[in-house]
Amino acid sequence: AVGFADAIGSPWVEAYLRVALVPIQILRGKYAEADANLVRVHHLCAECGAHQLAFLGHAQQAHLHLARGEHDACVNTLRAALAHGRARDYRAVHPWWLPDVMARLLAIALDHDIEVPYVQRMIRETYKWVLAPMQV
């Protein structure tokens, strides 16, 4: 599907499909492939002005850093991603995200005082089922 999107010249569709592919690659331990897809996503988003897909790409980048054990990079990427999301009031990060990934990333954001009111609102309005045991 990614190849088809590239062939027809649709940068938005290609970026969307690549963003959707990244969590699968991360879960399979294919970090280099996920990283390559994210580089392409960021390029495509800049090309077509896809701000929400750029947000999703940055959130997926934080997931990749988390999976690799790159805590500082994860925190820094989350800081940038959530600032971007807050500025545009995005509520959902990605429709296919696993609850444990979302819980870990949002908990890291809260632990590091990253966009706390925005993250708390996201939890209350979108992800309350993910972080039910946490008090926000």
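Trainee: Is Tyr16 buried, partly exposed or exposed?

Mentor: Tyr16 counts as partly exposed, because its relative accessibility is 25%. Buried means under 20% relative accessible area, exposed over 50%, and partly exposed in between, with a 1.4 Å probe and protein chains only. Before you go on: this is a predicted model, where local features need pLDDT of at least 70, side-chain atom pairs count only at pLDDT 80 or more, and totals for chains, interfaces and linings use all residues. Residues are numbered from 1 along each chain as its sequence is written, and side-chain values use heavy atoms, with hydrogens and water left out.

Trainee: How many aromatic pairs are there?

Mentor: The search of the whole structure finds two. Trp12 and Tyr16 make a stacked pair, because their ring centres are 5.4 Å apart and their planes are at 5 degrees. Rings of Phe, Tyr and Trp (its six-membered ring) pair if their centres lie within 6.5 Å; planes under 30 degrees apart count as stacked, over 60 as edge-to-face and the rest as tilted.

Trainee: Where do Trp12 and Tyr16 lie?

Mentor: Both are in helix α2, four residues apart, which is about one turn of the helix. Helices (H or I, at least four residues) and strands (E, at least two) are DSSP runs, numbered from the N terminus. Trp12 is partly exposed, at 44% relative accessibility.

Trainee: And what kind of pair do Phe55 and Tyr90 form?

Mentor: A tilted one, 5.2 Å centre to centre with 35 degrees between the planes. The pair links distant parts of the chain, 35 residues apart: Phe55 sits in helix α4 (residues 51-68) and Tyr90 in the loop between α5 (71-88) and α6 (99-111). Phe55 is buried at 1% relative accessible area, and Tyr90 is buried at 12% relative accessibility.

Trainee: Back to α2. Which of its residues are buried?

Mentor: Among them are Pro11, Glu14, Ala15, Arg18 and Val19. Just after α2, Gly29 has a positive phi of about 80 degrees.

Trainee: What span should α2 have?

Mentor: Its 17 residues (11-27) should span 24 Å at 1.5 Å a residue, and the end C-alpha atoms are 25 Å apart, which agrees. The expected span is 1.5 Å times one less than the number of residues.

Trainee: How many helices and strands does the chain have?

Mentor: Seven helices and zero strands. Of the 136 residues in the chain, 45% are buried.
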